[in-house]
Amino acid sequence: MRARRMSGKEKAAVLLVSLGPEISASIFKHLKEQEIEDLTLAIAGLKRVEPEVRDEVMEEFHELVMAREYLEQGGIDYARQLLEKALGPERAEEIIKRLTASLAVRPFDFARKTDPSQLLNFIQNEHPQTIALILAYLHPEQAGLILSSLSPELQVDVARRVAKLDRTTPEVLQEIESTLEQRLSAFVMDDYTVAGGIESIVDILNMVDRATEKTILDSLEEEEPELAEEIRKRMFVFEDIILLDDRSIQKVLREVDSKDLALALKTASEEVAARIFKNMSKRAAEMLKEDIEYMGPVRLRDIEETQQKIVATIRRLEDMGEIIIARGGEDEVIV
């Protein structure tokens, strides 16, 4: 079969198989349960994929990624201009149409190109719900800087509203953008637009300074403990252990049982495993590798629970000031 005759799901299956199990597994972590199920069935249904078809799918994926980057850098006209130079006008138009149909340019595109300090002055006196909606559409780095600059009371209110955002009608988006005296993106979908939610506030909080994060989560802990716990669970995942420096990893390892560590590493990426082994003695690393190698079948839920247990240890050590988790939104000074 040729790539052009394949459905989007079939192309995605070919792409995942081509990328290999490790990368595909990391991609699955960001998909919904139904999407994972659909793609798993599509992969299982793949027969022999010709190298030419695989190359076509990979090339198409590369073109779409490239187009998306151009789109975010300078908008639709900029993307079209660069694609035409690289691929010719017909191919460029084909990619642009597919991209705008499947991804759509998100609302508040102008805001993502605005300096956060200027944007803060523009929105800080708006209603908390309006601020939350705007932050949900910004890049996490921008939103984190703005959230950090709000008053503590407003930080908590806005964070809660971002976490609870689900779907917003185009009419509401148009009204808010009109209030901000900015034009809508040319490709807002004529459908409900999804933004906000737990993942959105987690991305934002990962970019704020530690004091802001603590203020928000501590307040939410008192007012809505279940929401706070859900956010905390996703703030730092097991794979993020690579964000720790070697000294911090060594401190964590001293707090973790070797059996738990072996179980947690059973599905971990090579990069995570390498960082762990690097911070152990040669003998301890060899013993741990043997434990993992000879471990029988284990339920994925048990592995995830053990990884979460180790994450809880990391969070506890950070709260005690024993270790530092690198964050994109702050400059850590270690003396």
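These legends walk through a few close-up views of a predicted model.

Residues are numbered from 1 along each chain as its sequence is written, and side-chain values rest on heavy atoms, with hydrogens and water left out. Because the model is predicted, local features need pLDDT of at least 70 and side-chain atom pairs count only at pLDDT 80 or more, while totals for chains, interfaces and linings use all residues.

**Figure 1. The protein chain as a setting for the close-ups.** Welcome to the overview: the protein chain has 19 helices and two strands. Both are DSSP runs numbered from the N terminus, helices being H or I with at least four residues and strands E with at least two. Of its 335 residues, 41% count as buried (buried means under 20% relative accessible area, exposed over 50%, partly exposed in between, with a 1.4 Å probe and protein chains only). Among contacts with a separation of 6 or more, 75% join residues 24 or more positions apart; contact means heavy atoms within 4.5 Å.

**Figure 2. Helix H9 packing with helix H12.** Here H9 (residues 140–149) and H12 (residues 198–205) pack at an angle of about 70 degrees, their axes 7 Å apart. That angle makes H9 roughly perpendicular to H12 (under 35 degrees is roughly parallel, over 145 roughly antiparallel, 65 to 115 roughly perpendicular and the rest oblique). Axes are lines fitted to C-alpha atoms, for helices over the stretch in contact, with angles from 0 to 180 degrees between N-to-C directions. Look for Pro140, Ala143, Gly144 and Leu147 on the H9 side, meeting Ile201, Asp203, Ile204 and Leu205 of H12.

**Figure 3. Leu138 in the loop between H8 and H9.** Leu138 lies in the loop that links helix H8 (128–137) to H9. With 7% relative accessibility, Leu138 counts as buried. Ser200 is 62 residues away from Leu138 in sequence, yet their C-alpha atoms are 9.7 Å apart in space.

**Figure 4. Ala13 and its contacts.** Ala13 belongs to helix H1 (residues 8–19) and is buried, at a relative accessible area of 0%. Setting aside neighbours within four places in sequence, Ala13 touches Leu39, Ala42, Ile43 and Leu46. Ala44 is 31 residues from Ala13 in sequence and 8.7 Å away, C-alpha to C-alpha.

**Figure 5. Thr313 in helix H19.** Find Thr313 in H19 (residues 300–319), where Thr313 is buried with a relative accessible area of 12%. Between Thr313 and Val252 there are 7.2 Å, C-alpha to C-alpha, and the two are 61 residues apart in sequence.

**Figure 6. Lys289 over the ring of Phe277.** The charged end of Lys289 sits over the Phe277 ring, 4.8 Å from its centre. This label applies if NZ of Lys or CZ of Arg is within 6 Å of the ring centre and within 35 degrees of the ring normal.
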